[in-house]
Amino acid sequence: MEEGIAAPNGEDAAQAGAALRLAVARIARRLRQTHAVGDVTPSGGSVLARLSRDGADSPGSLAELERVRPQAMAATLASLEERGLVRRTQDAADGRRSVMTVTDEGRKVLMDRRSESVQRMTDVLDQEFTPEERSMLVAVLPLLDRLAERL
């Protein structure tokens, strides 16, 4: 095991939480480091992914789902909108409300980003991990997804 990541005792949730936080943060940081300067921010990428996956949504709802202040979401959406990655339209059901949708260019940016990250992870998994280790990682993914949803 890498230095700095302790093997948590199954009974110690605090130790497991700390080890998971460290490992996930390191993975995320290293994947972010591969993106070019001027690329979409991590929060922008998350919003693009959510809109692409779940469809149009209001800025307020996006702020809630992403667990950020409405002001922070407004800044993220303004940046994405300025770059043509999302489009703002009037809500058909409530004309006072706006909804955001991802554009074709936003989908392309998202796919390019995913492709880079996935390729980098694929290379490391192929070169550095045994088939058994890869199976172990895949087996824990549902648990990590569940943890992410509950945080």
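In this predicted model, a nonpolar patch on the surface is formed by Leu-20, Val-24, Val-138, Val-140, Leu-141, Leu-143, Leu-144, Leu-147 and Leu-151. Together these residues have about 740 Å² of accessible area. Two elements give two or more residues each to the patch: helix H1 (13-32) and helix H6 (131-150).

**The nonpolar patch**

- Helix H6 supplies the largest share of the nonpolar patch, with 6 residues.
- Leu-20, one of the patch residues, sits in helix H1.
- Leu-20 counts as partly exposed because its relative accessibility is 34%, a value between the 20% limit for buried and the 50% limit for exposed.
- In soluble globular proteins, nonpolar side chains tend to be buried together.
- The patch residues, by contrast, lie on the surface.

**Overall make-up**

- The protein contains 6 helices and 2 strands.
- Along the sequence, the order of these elements is α-α-α-α-β-β-α-α.
- Of the 151 residues in the protein, 23% are buried.
- The protein exposes about 10,700 Å², and 55% of this area is supplied by carbon and sulfur atoms.
- Among contacts between residues at least 6 apart in sequence, 47% join residues that are at least 24 apart.

**The strand pair**

- Strand E1 (residues 86-90) pairs with strand E2 in the antiparallel sense, over 5 bridges.
- Strand E2 covers residues 98-102 and is mostly covered itself, with 4 of its 5 residues buried.

**The largest nonpolar core**

- The largest nonpolar core has 16 residues.
- Val-47, Leu-48, Leu-51, Leu-62 and Leu-80 have the most contacts inside this core.
- At least two core residues come from each of helix H2 (42-54), helix H3 (59-66), helix H4 (70-82), strand E2 and helix H5 (104-128).
- Helix H2 gives the most to the core, with 4 residues.
- Leu-62 is in contact with Val-47, Arg-50, Leu-51, Asp-57, Met-73, Leu-77 and Met-100, when neighbours within four places in sequence are left aside.

**Met-100**

- Met-100 belongs to strand E2.
- Met-100 counts as buried because its relative accessible area is 0%, and the limit for buried is under 20%.
- Not counting residues up to four places away in sequence, Met-100 touches Leu-51, Ala-56, Asp-57, Pro-59, Leu-62, Leu-77, Glu-81, Val-86, Arg-87 and Arg-88.
- One of these residues, Leu-77, is 23 residues from Met-100 in sequence and 8.3 Å from Met-100 in space, C-alpha to C-alpha.
- Two others among them, Glu-81 and Arg-88, are joined to each other by a salt bridge.

**Salt bridges**

- The structure holds 7 salt bridges.
- In the pair of Arg-88 and Glu-81, the side chains meet at 3.2 Å, N to O.
- Both members of this pair are partly exposed: Arg-88 has a relative accessible area of 38%, and Glu-81 has one of 30%.
- The side chains of Arg-97 and Asp-91 also meet in a salt bridge, at 2.9 Å, N to O.
- Is Asp-91 buried or exposed? Asp-91 is buried, with a relative accessible area of 14%.
- Its partner Arg-97 is partly exposed, with a relative accessible area of 39%.
- A salt bridge also joins Arg-53 and Asp-54, with the closest N and O atoms 3.1 Å apart.
- Arg-53 counts as exposed because its relative accessibility is 56%, while Asp-54, at 48%, counts as partly exposed.
- Which residues are linked with Arg-53 in a network of salt bridges? The network is made of Arg-50, Arg-53, Asp-54 and Glu-66.
- One of the network residues, Arg-50, is also among the residues in contact with Leu-62.

Notes
Residues numbered from 1 in each chain as written. Predicted model: local features only at pLDDT ≥ 70, side-chain atom pairs only at ≥ 80, totals over all residues. Heavy atoms only, no water. Patch = residues over 30% accessible without salt bridge, like charges linked within 9 Å, V, L, I, M, F, W, Y side chains within 5 Å. Areas by Shrake-Rupley, 256 points an atom, 1.4 Å probe, with all protein chains shown as cover. Salt bridge = Lys/Arg side-chain N within 4 Å of Asp/Glu carboxyl O. Buried < 20%, exposed > 50% of the residue type's maximum accessible area, 1.4 Å probe, protein only. Pairing = 2+ DSSP bridges. Core = buried A, V, L, I, M, F, W, Y, C linked by side-chain atoms within 4.5 Å. Contact = heavy atoms within 4.5 Å.
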